[in-house]
Structure formats: structure tokens, C-alpha cells
Amino acid sequence: MKKDYLKHRDINWLYFNERVLLEAKSKDTPLLERLKFLAIFSSNLDEYFKVRVSQLRQIKQLDKKLRKKLIFKANSTLKHILNIINEQQVQFGNVIAATLAELEEHDIYIRNTSNFTDVQKKFLEQLFDESIKDACEVHKEHLELTDGALYLAISHPDNEYSIVEIPIKNQNRFITLPGNGHQFCFIDDVIRLNIKKLIPNKVVVDCYSIKLSRDAELYLDDDYSDIELVEKIYNSLDKRLSGQATRLLYDESMPIWLVDSLKQDFKLGEVDLSPGGAYHNLSDFFSFPLPKGTEHLQYQEKQALPHPELSFSENIFDSIAKKDQLVHFPYQDFKVVEEFLSTAATDPQVSAIKMTIYRIAKSSSLADAILTALDNNKKVTLFVEAQARFDEANNIKWGRIFEEKGAKVIFSIPQVKVHSKIAMIYRTEGAYEKRYAYIGTGNFNAKTSKIYCDHGLFTANKKITKDLGQVFQVLERKLIVPKLKRLMVSPFTTRITFLNLIQNEINAALEGKKAAITAKMNSLEDSDMIKALYRAVNAGVEVRLIVRGFCCYLKANNDPNAGMKDNIFITSIIDRYLEHGRIYLFENGGNELMYIGSADWMTRNLDRRIEVLTPILDKDIFEELRHILNLQLNDNQKARVLDLENSNRKVIQKEGDKAIRSQYAIYDYLKNKLDENR
């Protein structure tokens, strides 16, 4: 199978971000929540330019022979990407305008210099003098712009310009204004209003917003499968060009002479110029003030549910020893994970704690529990991922703190990320040491657990915990290759196990038996897995996928009953929470197998990361997870179709079918189970 049977991942990712924008546009999304989806769209695109676009730019500089081995042409790909982004930027601007207009219908206004009242001008002039002016610094040409920072380019007569950085590090981006209703403005406009105070000796013609995105890192070893090629790429570049400018986002009303001056002074190419609106960094809409009395314009609060067993347990270890326990975030309270660790930290029978940390919050009860365990002389071994993109500094900081307190801290293995979400407690019970494990799909992070849909298994199963013990030995570099009975562990057994499971379904289908594969993941990119899915569908295996992000399977169709060769019906759910769980279900001749864990079907997850997936062995939680998966498969309110045309159309609710919004249905399902058990 040729690579042209695959969708290009970087292009397809843009259609994922379009689904985010569609939620911002949807009238079904509460008005103030639409601002958050606009913020997500903006934030996603910023990261995309810092990482993916900058990677394509680096590839353009390689020797032609090397570029050919990368399969795609960087120049044409980049042009295609920028065309799509420009179209989406127009949609983005239209959605912002429509959202702000609708906010005004509810007496929520974002004012600007053209419509401030005299009272508001006086208020803002005083505010500027007292708390903003001293933080502003005027620069002439050739300033080195900081990645992601906000600036105003000030035009003067005779084609001269100055630059002022908008000081938002210690300021809220939005200023509350005096006046009727709920009135706000961007801090940008406070500076625009007072710009002559900053530049008293020059004539100010106008002010224009600009923002420069820079290369965050190459990360080629994380995204391409040919390690030898990666080394050649690194060696072929004079330097890694870290921090190279990748996009200048500027106010489209800016005069051509100023655009050309910025282009020349910051050594940008034509493809690096991106016209936009009068305001940038709209990810700051995350912090937009929520006025009192506007609760009806926000999502109705859904309090995290207690876990029916663990939240009421007198001893969490007894509950886990008696029966495997499954937790679902954000529907259930993350405190059960914190309790697992905090109980271990003070339990005199616990001798050791081992866990991986991929993204840790800046402050958390989990970190406190680890510190308490160290104070109580527990042996603590932590595997800290120092390469977690954009969280490197925070992870390293915490790793050093834990190390100073006496923990054994092992930072990530070079060229291999520790992406698994695992923990193990060693507890002496009688004459034996018992192991208690946690294996999850999401990070040990209380903050993200409120917005990421994830699952986590607590188990004392001897075979699973024995396997997990071997994983920790690999991480401690005491073992090279683990001998595994139950777990799938990348880069050792995950790929081959998945391929064997798919082949088993193919064999069953060819024998005329029922064969089915149901999989939910964040991204589908690996060519071998996609080839296996093609073979499965052509053999008659019923395949159904849920893929949140980019999906490189080319021949997906928008009709689940089409019965076409190579056809798979694939949906994506974008809703109130971020779908993050990975669930894999195989018919297996009637003896179904289900796995959850940290790995997507991406080459990096299968071959170059430490990932752990666990089978679901307990019948009760198997059925619970299957029910949750079925709700997601049947979502007809927030699910969108991933088809050949990248239409992103909504799944149609057929006449007579019950409306299913899976995230809300899952919450209700778990709440009802809780009420029944109590």
C-alpha cells in the first residue's frame, strides 16, 4: 500500500481544529462558553505553528535526496496548510464578530477606542498612569520579538515605526469598565488610547497589533519512524535554528509599507506573513470575566461524582484488593487518585511508591502526598518526563524538589518518552508484600482531570501488577526487555499485540464468524495499523472508530451503512470536555477483549514511547466501560463524521432515535449507578 492511501497528518489536524471552531459557532454551545472554544482554537493554532509548521520549514532546507525519503513535499504541503489556515482565519473572525454581537444582546460589551464614553476614557487614562505606563517600553526597529508576546506596531510619518510590548504578564488581558451592564475592553486599547503619553515626541498615525510565533523545537525523533534518517537530518543542518520565526500575525488593516518593513527587519518570507484581526492571542478568552447574573450563558455546573466504592471506603487498599475499581474523569472525583497516594504516604504497611509523571500541576495534593511519603521514609521512585512539550520546566522543577527530599528521580530516557500513566504501591500484608497498581489514560493532574475525559484502573491483580513491576524495572534500567503476560507495553509488545488481535478478527471473518473491532483514540496515524484496518474491513470485519484529533485513514465514508470496500465509519466528539481516553475492544470469537491505556495508534506511541495498556478483566467494570463506549458510539448531538471529504458534518439523529449527547449521558449513567449503590 502506497503512502497516498493515507491522509497527511498535518493537513488533517487542521480539520480537527475546525471542529473546535464549529463548537464556537454552534448555537447549542452556551454563549460565554463559545469564547472558550475560540480560545482553544487560537491556542491550538499557535502551538501548531510553533511545532508542526516550523518542522516543515526545517525540512525545506534539507538536501533533496533526504527530502524525498520523507515522502511528502514540504513546499507544497506548507502552501496547502497556509491556504486552509487563511480560510479558517476568515471563519474565525466571522465567529468572533457574531459572538460579540450576541453578547451585546445580553448587555455584555467589549469596548474599544472608537466607542469609549468620556467617563471610561478618564477611567482608563488614570488606570494607565497608575499601573500600566511604567510596564510599557517603546522600542524602535530591529527589536527581538519574544515568541507569543503581544506588541503594538506604531506607525509614524515618513515610513517610520516603533514597537510597544503589551504588558500582560502581571495584568488581566480584559479591563472592567464603568458603565451600565457589563462592559470590558482589551488592555491593548488602554495603551492605544494613551499611546501619545508613551511617544510624546513623535506623531502617531495609528497602532496595529502584531505577534510573532517561533519554532518551539524540532521533535523529529518523536514524529518520524526512520531513526537513521532523523540523525541525518540533524547532521545536515548547520544548526537546529531553535527559535526561528515561523509566523508574523498582524492586523490586516496595516499599511503595506509597514508590513514590508516588518518582513524585512525580522527576516521573514512571504509564507510567514499571516493577516488577522485587530487583536491576537485570543486564547486569553479563557480568562474572560464571567459577570454575575450570566450563569445561564455558561454550562450548567456538574459536580464531580464520588466513586461508589472508593470514595466511601474506610481503607482504599482493602477495596482494591477485594475487586478491581475503575474511575472516570471528569465525571468522578480525581480525589480518589490523590487518596490512593496520600493513604500510601502515611500507611505504616506501605514500604515503597513508584510512579510516572508526564504532566504535573504547578501545585497539587498529589505532589504533597509524595513529599509526605518521603517525610515518612517511604522509598519513592519517580520517572519524570523531561520532554513533555511545553511542560518541561515545571516537570524538571518538581523532579529536582522530589530528588532533594530523598526520592529516586529518573528523568526520561534519551529519544524515548515516558508517556504511560502508572503508579504502584508496595504494601506489606502479613508475611507477604502486596502490589497495588493504577493504570490510566490521563495524567496525574487534578486540574486537567476536570476537563479531560479519562479512565483509570485500580487493581491488585497479581499478573497485572507483576507485569507492571517489570515495566518499572525497565524504567529503572534494571531490565532491558520485560516478560509480559497481561499488559501491552510500548515499545515492546503493543504494536505486535494489536496487529495480532486485528489478524485474529480477519481470520474469524474469513471463516464466516462474527468479527468486530471497536477503537477509541486521540489520533490515528501509524501506516501499519491503518493497513491492517484496510485488510480487516476487506475481510468483512465490522470496524468502528472514534478518533478525536487527526485521522490518517483515507477511505472513511460518511454513511455507516454504505457497505463499501475499505469503508470505515469514523466519528469524532468535540464537546464540553476534551475526549482523551483510549479504549480498544475486540470480538475475539465471542470472548471479548478490552484494553485501556495511554497509547494512540501513532508510530511514536507504538515504537518510541513507554506506554502501558491494561486488559479489563473484571466483568462488572468491563460492562460499565462497554456501556460508556456505546454511548459515545451512538452520540448524535456532538459527534461529527470523519470522512474522505473532511466535511466535519454532524451525525444525523434519525427519526425515532433518542437524542444522545454522550458526555451528558455518561454523567447521568454514573450518577444513576451511584444512587442505586447508595
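## Helix 16 and helix 17

The axes of helix 16 and helix 17 (residues 527-539) come within 9 Å of each other and cross at roughly 10°. An angle under 35 degrees counts as roughly parallel, and helix 16 and helix 17 are therefore roughly parallel to each other. This structure is a predicted model. Two packed helices are described by the angle between their axes and the distance between the axes.

On the side of helix 16, the contact is made by R495, F498, L499, I502, Q503, I506, A509 and L510. Helix 17 contributes D528, M529, A532, L533, R535, A536 and A539. Sorted by type, the residues of this contact are 11 nonpolar, 1 polar and 3 charged.

## The nonpolar cores

The largest nonpolar core has 79 residues. Which of them touch the most other members? They are F285, F498, I502, L524, Y553 and W601. Helix 2 (residues 31-60) supplies the largest share of this core, with 11 residues. A second core is separate and has 40 residues, including I316, A367, V380 and Y436.

Leaving out residues up to four places away in sequence, I502 touches I517, M529, A532, L533, A536, F586 and W601.

An open sheet is formed by 3 strands in the order 1-6-5, with mixed pairing. Strand 1 (108-111) and strand 5 (174-177) stand at the edges. Each has a single partner strand, so one side of each is left without a neighbour in the sheet. On average, neighbouring strands of this sheet are turned by 35° against each other, direction ignored.

How many bridges join strand 5 to strand 6 (residues 182-186)? There are 4, and the two strands run antiparallel. F174 has F186 in strand 6 as its bridge partner. Helix 5 (residues 118-132) packs on the sheet and touches strand 1, strand 5 and strand 6. The direction of helix 5 makes about 130° with that of strand 5.

## Two cis peptide bonds

The peptide bond from F329 to P330 is cis, with omega near 5°. P330 lies in the loop between strand 10 (325-329) and helix 12 (335-346). Another cis bond, from S490 to P491, also has omega near 5°. P491 is in the loop between strand 18 (488-490) and helix 16 (494-510), the helix that packs against helix 17.

P330 can also be placed relative to Q303: their C-alpha atoms are separated by 9.1 Å, and the two residues are 27 residues apart along the chain. Q303 belongs to the loop between strand 9 (273-276) and helix 11 (316-322). Is Q303 buried or exposed? At 54% relative accessibility, Q303 counts as exposed, because the cut-off for exposed is over 50%.

## Positive phi angles

R477 is not a glycine, yet has a positive phi of about 65°. R477 sits in the loop between helix 15 (462-475) and strand 18.

N588 is another residue other than glycine with a positive phi, here near 50°. The loop that holds N588 runs between strand 23 (582-586) and strand 24 (593-597). With a relative accessible area of 25%, N588 is partly exposed, because this value falls between the cut-offs of 20% and 50%.

Methods
Residues are numbered from 1 along each chain as its sequence is written. This is a predicted model: local features need pLDDT of at least 70, side-chain atom pairs count only at pLDDT 80 or more; totals for chains, interfaces and linings use all residues. Side-chain values use heavy atoms; hydrogens and water are left out. Buried means under 20% relative accessible area, exposed over 50%, partly exposed in between (1.4 Å probe, protein chains only). Two strands pair if DSSP finds at least two bridges between them. Axes are lines fitted to C-alpha atoms, for helices over the stretch in contact, and angles run from 0 to 180 degrees between N-to-C directions. Contact means heavy atoms within 4.5 Å. A nonpolar core is a set of buried Ala, Val, Leu, Ile, Met, Phe, Trp, Tyr and Cys residues joined through side-chain atoms within 4.5 Å. Angles under 35 degrees count as roughly parallel, over 145 as roughly antiparallel, 65 to 115 as roughly perpendicular and the rest as oblique. Ala, Val, Leu, Ile, Met, Phe, Trp, Tyr, Cys and Pro count as nonpolar, Asp, Glu, Lys and Arg as charged, and the others, Gly among them, as polar.
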